[in-house]
Amino acid sequence: MTRLFVVWSGFALAVAVAQQPPISNASLRQASASNGLQAAIQSAASAAGGPAWIGYAVPAIPGEHNNGCCWSNDGRGCGLEGRRVGSVDGSPATPIRLEGPSHVVILLRFEQGAAEKLRVYSPDCPLDAGGLPFYWLADVKAGESVALLAARLEQRQRTDSVVHAIAMHAGAEAEAMLVKLSGSTQIEPTRKSALFWLAASRGKAGYDIVSRAAREDPSDKVREHAVFALTQSKQPDAIPAIIRIAQEDKSPHVRKQAIFWLGRSKDARALGFLEQVLSR
């Protein structure tokens, strides 16, 4: 049994290291979040004794959404503390997978015990930590990550970046959180971001929620944004849904916006509807 545990622990560590992005210009340290993500982060932030980056990887939604990185004349890679110093040692260039990576990297910058920045990258993005300590956490549970990120919204952290980070997580916990954040009890910026990512990343289930909001939400601004979100959906019913809104919404402004987005579409159904409008 002991030998089996050692083998499994080694396998888990290998998986975690495989998802760790190439990191340069850093004092790199590794730790486990098996006893809880919040506790692991607090321990790392306390041990750093100053500014530090803390990162981990969780399974990502499929598709092209998670290819986050930076490009410049120096090549591909991001400087976490500003300009990247140079290439990452020992990290040969690899082709970017068109289908997107299987995991997403979440980074938090801590200073004086508080997380002041949030970044989302793909695991193959080279990172320059600017000489700061960099703690890489293994054994992170996706549900704990979603809850940790959602707590930042309660602290009025930047809405778009937090909701985007949540949306990149695969699994039921992230989808349920997006649904919650799209609800009428949330502030408008949060609702708008959640509706966008539900449409863009959650298939038919996300489309159904956004389509309902576009038809029924009492806020003209939310319905207008839901129309835009529908343009990000790959569901075949999205264009007919926008056409109905262009015809039936009680707000002239929302109808105008629906027509605007239909005009940006190359879908034959949208073009046919616009021809009918222009021929009247």
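A search of the whole structure finds two disulfides, a disulfide being a pair of cysteine sulfur atoms within 2.5 Å. This is a predicted model, in which local features need pLDDT of at least 70 and side-chain atom pairs count only at pLDDT 80 or more, while totals for chains, interfaces and linings use all residues. Residues are numbered from 1 along each chain as its sequence is written, and side-chain values use heavy atoms, leaving out hydrogens and water.

Let us start with Cys 69 and Cys 125, whose sulfur atoms sit 2.1 Å apart in a disulfide. The pair links distant parts of the chain, 56 residues apart: Cys 69 belongs to the loop between strand S3 (52-59) and strand S4 (71-72), and Cys 125 to the loop between strand S8 (114-121) and strand S9 (127-128). Strands (E, at least two residues) and helices (H or I, at least four) are DSSP runs, numbered from the N terminus. Their link is right-handed, with 75° about the S-S bond. Both Cys 69 and Cys 125 are buried; buried means under 20% relative accessible area, exposed over 50%, and partly exposed in between (1.4 Å probe, protein chains only).

The other disulfide joins Cys 70 to Cys 78, S to S 2.0 Å. Its torsion about the S-S bond is about 105°, so this disulfide is right-handed. Cys 70 is partly exposed at a relative accessible area of 30%, whereas Cys 78 is buried at 1%. Counting bonded cysteines along the chain, the pattern is 1-4, 2-3.

Now for the protein as a whole. There are 11 helices and 10 strands, and buried residues make up 45% of the 280 residues.

Helix H6 (residues 188-201) is worth a visit. Its 14 residues should span 20 Å at 1.5 Å a residue, and its end C-alpha atoms are 20 Å apart, which agrees; the expected span is 1.5 Å times one less than the number of residues. Of the 14 residues in H6, 11 are buried, among them Arg 191, Phe 196 and Trp 197. The cover over the buried residues of H6 includes helix H3 (142-154), helix H4 (159-167) and helix H7 (203-216). After H6 comes Gly 203, with a positive phi near 55°.

Finally, the charged pairs. The whole structure holds 12 salt bridges, each a side-chain nitrogen of Lys or Arg within 4 Å of a carboxyl oxygen of Asp or Glu. Here are three of them.

| Salt bridge | Closest N and O atoms |
|---|---|
| Asp 217 and Arg 191 | 2.4 Å |
| Arg 215 and Glu 216 | 3.7 Å |
| Asp 249 and Arg 223 | 2.8 Å |

Asp 217 and Arg 191 are both buried. Asp 249 counts as buried at 8% relative accessibility, and Arg 223 counts as buried at 1%. Elsewhere, Glu 81, Arg 109, Glu 111 and Glu 116 are linked in a network of salt bridges.

Definitions and conventions:
Contact = heavy atoms within 4.5 Å.
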